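Work through the following exercises with the sequence and the model at hand, and compare each step with the worked solution.

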Amino acid sequence: MEQREIMQRSVGILTEALEMRRRLREDPDADVTRNGAVAGLLEEMLPHIQLPADASVREVADIVTAKLGPAIVQIASAFTHAFVQLAEIHDEGRTDVSSADVLRSLSLHYEAGGER
């Protein structure tokens, strides 16, 4: 999965969380079931790992780190980038731009093939 797609999916997850939070504030009893977007992203991104039956604990740790590390870094990077964008708007004290606006802008940027 390309970094652009990971970024779009991450923004989608954050947008969904923001909407769920808004709905719960309006109605604390609202049914806001998650759609499994995080699980879906992880399932697509994280490789299946086969371990040798005779692998030592250290070898297992090394194999898992080598296989999962790059995907985890990409996912964390996407969420971190979105957070920084939101934090910068907040820290600037901007009231003309909402969190939803920032996330929408990020999504459109990456939909158009934008890079960081």
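**Exercise 1.** Determine whether H81 is buried or exposed, and find its side-chain partner.

Solution. H81 has a relative accessible area of 17% and is therefore buried, where buried means under 20% relative accessible area, exposed over 50% and partly exposed in between (1.4 Å probe, protein chains only). The side chain of H81, a residue of helix 3, makes a polar contact with the side chain of Y110 at 3.3 Å; such a contact is a pair of N or O atoms within 3.5 Å, one able to donate a hydrogen and the other to accept it.

This is a predicted model, in which local features need pLDDT of at least 70 and side-chain atom pairs count only at pLDDT 80 or more, while totals for chains, interfaces and linings use all residues. Residues are numbered from 1 along each chain as its sequence is written, and side-chain values use heavy atoms, with hydrogens and water left out.

**Exercise 2.** Locate the buried residues of helix 4 and explain why they line one face.

Solution. Buried in helix 4 are V102, L103, L106 and Y110. Seen down the helix axis, these residues fall within an arc of 95 degrees, so they line one face. On the other side, L108 and E111 are exposed.

**Exercise 3.** Trace the salt bridges that involve R22.

Solution. Taking a salt bridge as a side-chain nitrogen of Lys or Arg within 4 Å of a carboxyl oxygen of Asp or Glu, R22 pairs with E19 (2.3 Å, N to O) and with E26 (2.5 Å, N to O).

Technical notes: Helices (H or I, at least four residues) and strands (E, at least two) are DSSP runs, numbered from the N terminus. The arc is that of the directions from the helix axis to the C-beta atoms.
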